[in-house]
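I opened this entry to record what I looked up in the structure. My notes begin with the contact between the chains and then go through the sheets.

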Amino acid sequence: MIDYIPYEGGNYMADIQITDQTFDQTVLKSDKPVLVDFWAVWCGPCQMQGPIVEAVAKEMEGKAVVGKVNVDENPGVAGKYGVMSIPTLIIFKGGQPVKQLVGVQSKEALMSALTAVI
Amino acid sequence: MYDVIIIGSGPAGYTAAIYSSRAFLKTLVIAGPQFGGQLTTTTTIDNFPGFASGIMGSTLMEEMKKQAVRFGTEVVMDEVKTITKTSPFTVTGAKTYEGKTIIIATGAQAKILGIPTEVQFRGKGISYCATCDGFFFKGKTIAVFGGGDTAMEEATFLTKFVEKVTVIHRREELRASKIMIEKAKKDPKISFLLNKTVDAFYGDTVLKGVKLTDATTGEKTDLPLDGAFIAIGHTPATAFLKDIVVMDDKGYVQIRGMRIPTDAHTATTTDGIFAAGDCVDSRYRQGIVAAGMGSMAAIDAEKWLEGKK
């Protein structure tokens, strides 16, 4: 079977937006591991990362939480975790960042990083 | 079994895919590590014909992908590690794929300086994409490493965000075009440190600076920095093709070219393998050229398949 990830442009994951206000509740207090995708609309590689993160979200449903932080609108969280390059993907477990990945990541890389902390 | 396996997802790869899937060839694009290719790291593209008011690089690549998918191209997010040398070819990444022909459209990737501390501070002050990361350096002091057009363009672009940009180049002369150098030199935020080689980046959890040596006098300089943008050129992404096709000493894939009008111009030295775009082209390096070569490679692959019937 081909691991085809459909391409839907920039309008991905409208439902899992994380903001400076919701970060504590959604990420730090989560009882499951959380994958956070730091992105922005003006970042080309982030547009490529989007559908991959969405595919990971579907596959990991129930096992992990997957969300995205728009760094333009939420400079607080991005600053707190020292995000200086996007896309950056951080995995949180028990309120702590346990893995940070910089640059576009494949679905396989994200799945194995998440599976390792479940 | 695919008729055509295209390795790479920049303008060469997707244009080849549009042509081959429109010719009813079963087509697979293996997207590679930089999905959409180099254009996804640029801002507005003003020299791609058909977009009178310019188009975002990432949008252009999305549209190309959709166009290829519309005609039946399959796309996988995978990175090719090895290919075999005779048709039908076995292409191996995280998974294995089989194809009667292969089009190599892997393009080129940003070069790294290659010093040990560079990896340590990647994403912690060191960046290879000014359009992606300039935002994080508002009011900061940064350096751009390189002396070509890309370095000048990035330095000029970054002045929108940063307080001060130092362009650091290992030679006395910049190889960028005159117009780009003039533009950078006129900018009050940009200064130049020439003839300097990089010894090491340093910092704690984030980058704090760089240690340089003057190439002539040996004088050591310590330059405090918040950010370092590396723009020292590109290298073809062809390492996995060693012993499969003939390449030049820099790794550009050799194709037959246009010497004989009736020849398959994009044919490599290996029967059934074609190549297009920046992985064969160190001279033009333009999206539109890569797209044009992609269409040629698809037509060459189609004719090759017809000849085998």
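**Contact between the chains.** I began with the contact, which takes 24 residues from chain A and 31 residues from chain B. I counted two residues as in contact if their C-beta atoms, placed from the backbone, lie within 7 Å.

**Basis of the notes.** The model is predicted: local features need pLDDT of at least 70, side-chain atom pairs count only at pLDDT 80 or more, and totals for chains, interfaces and linings use all residues. Residues are numbered from 1 along each chain as its sequence is written, while chains are lettered from A and ligands numbered from 1 in the order in which they are written.

**Chain A, overall.** I found four helices and five strands in chain A. Both are DSSP runs numbered from the N terminus, helices being H or I of at least four residues and strands E of at least two. Read from the N terminus, the elements of chain A go β-α-β-α-β-α-β-β-α. Chain A has 118 residues, of which 45% count as buried; the cut-off for buried is 20 or more other C-beta atoms within 10 Å of the residue's own, with C-beta atoms placed from the backbone. I also looked at contacts in chain A between residues at least 6 apart in sequence, and 72% of them join residues at least 24 apart.

**Sheet of chain A.** In what order do the strands of the open sheet stand? I read β1-β3-β2-β4-β5 (chain A), five strands with mixed pairing. Strands pair if DSSP finds at least two bridges between them. At the edges are β1 (17–18) and β5 of chain A, each with a single partner strand, so one side of each has no neighbour in the sheet.

I followed β1(A) to strand β3 (residues 65–70) of chain A, and the two pair in the parallel sense over two bridges. A:Ile18 has A:Val69 in β3(A) as its bridge partner. Strands β4 (residues 88–93) and β5 (residues 96–102) of chain A run antiparallel and are joined by six bridges, with A:Ile91 partnered by A:Lys99 in β5(A). They form a hairpin with two residues between them, and A:Gly94 in the turn has a positive phi of about 60 degrees.

**Helices on the sheet.** I found α2(A) lying across β2 (34–39) and β3 of chain A, at about 165 degrees to β2(A). Axes are lines fitted to C-alpha atoms, for helices over the stretch in contact, and angles run from 0 to 180 degrees between N-to-C directions. α4(A) packs on the sheet and touches β2, β4 and β5 of chain A, its direction making about 20 degrees with that of β4(A).

**Strand β8 of chain B.** Last, I checked what β8 (residues 96–104) of chain B joins. Five bridges link β8(B) to strand β1 (residues 2–7) of chain B in parallel, with B:Ile5 partnered by B:Ile102. β8(B) pairs antiparallel with β7 (residues 89–92) of chain B over four bridges, and β7(B) and β8(B) form a hairpin with three residues between them.

Methods
A residue is buried if 20 or more other C-beta atoms lie within 10 Å of its own, exposed if 12 or fewer, and partly exposed in between; C-beta atoms are placed from the backbone.
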